[in-house]
Amino acid sequence: KDVQSAWRVHWDHQLYKALEYQYHRGLETLNEMLPTAAVSLVFKQRRLQFDPPLEEMRTAHYKQVRDFLNLPLVFKGVSDASEKPGFFRGMADSPVGAEGCAGVYEKTEALFAKLADEQKKYSEWVALGTVDLDAFVEEHLSESQHFEEGFKLVKSASKQAERIPAEVKVDCYVVSCQPLKSAVEKHIKELQDVLSTCLQRKVVRHKEEMEKFVVSGKTLLDTNAQTVEEIGNMRSEAKIIMADFGGRMTQMRRQAADLAKLLKQSGGSGPQAAGPVDFSSLDSEWENLSTKLVQLETHLETQKENLKGQIASKITEFTSKAEAFRDRWLEFKPRGMPQGDPSLIITKLEDDFLALEELREEANKVRQDCEHFSMERPALEVLDELAEDIKATREAWKRFDDFMTERTELTGRDWIAIRGKLYELDDFLAKWTEKVRAIEKKDAVAVLLLEQIESYKRCIPALKFCRGEGWEDSHWAQLFSLLRFPIKGPDAVSRHNLTLQHFLDKADVLAEKS
């Protein structure tokens, strides 16, 4: 038994030596000798990353490293001595073992640094996927040269993408680049489509702006001016259009043509491919506008001569219109005592005055047009004469209306109440006599007023005998019969509704009886 134990110890030492050699050799080549792991470079969440993620790879890798480094702790020999833990530990704790373990960790970090470098090396290939391509192209590309360089980049990148290897081996890891290659090809295709779409948008915007410019220019040049000012404004605005036509818009047209040509050459396929833009209609309108700009001055002079002819016709037409108004005024001008409410005459005069003011405004416009075109101004004194006549007539009838209003307020009072205050009628007539006589130039209405006032004055003495204080019904009946007041019907007069106005309406009869 002792011999067998010695023999077992002997073999444990032999195993120790063999294991130590293999263990130290394993420490030197551990990362290369671990089982091959398949991983992929993928583009997810707008960034390039490993699948599985690098941190998961690191965790799994270090677990395998620790399992290898811990082998001396779990290995058992054939003797009783090697059954105890730590018999083989010396191979790990020895200077060579310790140095090897440290080397394993250094090589492991170097391994993952290589993997990170591989990821970084291909990160530029997925740069297109990290931005909004449409917004980026819209902001940074404007000239045809920019788009041309963009399409060249697409062509060059497509060829270079073919050089991406299918897989890369890094020690025990086999990195598949196929998902990366597919993502890169997709980004390149998207860039081509975005370039084509943005190029088409810019061509369409240029076309729309030029069409808007042409429409505004044609609208201005097709306008028929009505005054010299409008002709001057047209000339000023046309100068701005001509400056834009020969400068900014012509440059835009050339730029649009270059972009449209590049759009046609770029081709493209699939539902996102941009189609060509038709400029045939715009080209025709552009040439038409160019011709009109060249002929602008001739067009303006023709309009000026046409306007002169229109103004001459307008003068003739307006003169006839003014004369017709004068003739109608003279024919229907109020002259005698009004039948009914005099305010109707005032309203008619106001209408005539407003109509005359409109004629005078029209006359001013005619005179201004003549001044603008250096034409002889028409003589329209008839309007000034009419204005003075209508104004004087309106004032005269307004005065008559004021007289009638005051008279109605006074004479509409009940006779029984006012018969003892006839001095108020005297005061009223005296006031209006003074007003009318103060008028320097007596018109027909003033004469009518004076006649009315004198008629009322003549009947005042007789009114004093009509007071009727203490009269019987028979006395009132005799008075009504003498003055021929109606006593039946809707206009019947009785002692109860008798007013001063009833007596003034019979002023002539009262004057005869006094």
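**Helix packing in a predicted model**

The chain exposes about 30500 Å² (Shrake-Rupley method, 1.4 Å probe), and carbon and sulfur atoms supply 52% of that area. This is a predicted model: local features need pLDDT of at least 70, side-chain atom pairs count only at pLDDT 80 or more, and totals for chains, interfaces and linings use all residues. Residues are numbered from 1 along each chain as its sequence is written, and side-chain values use heavy atoms, without hydrogens and water.

User: What percentage of the residues in the chain is buried?
Analyst: Buried means under 20% relative accessible area (1.4 Å probe, protein chains only). The chain has 514 residues. The buried share is 38%.

User: Is H8 roughly parallel or roughly antiparallel to H11?
Analyst: The axes of H8 (residues 144-161) and H11 (residues 248-266) come within 9 Å and cross at roughly 15°. Angles run from 0 to 180 degrees between N-to-C directions; under 35 degrees counts as roughly parallel, over 145 as roughly antiparallel. Therefore H8 and H11 are roughly parallel.

User: Is H15 roughly parallel or roughly antiparallel to H17?
Analyst: H15 (residues 381-411) packs on H17 (residues 423-437) with axes 11 Å apart. The angle is about 175°. So H15 and H17 are roughly antiparallel.

User: How many charged residues has the contact of H15 with H17?
Analyst: Contact means heavy atoms within 4.5 Å. Residues meeting here include Arg399 and Asp402 in H15, and Glu424 and Lys431 in H17. Asp, Glu, Lys and Arg count as charged. The contact has five nonpolar residues, no polar ones, and charged residues numbering seven.

Key:
Helix = DSSP H or I, 4+ residues; strand = E, 2+ residues; numbered from the N terminus. Parallel < 35°, antiparallel > 145°, perpendicular 65-115°, else oblique. Buried < 20%, exposed > 50% of the residue type's maximum accessible area, 1.4 Å probe, protein only.
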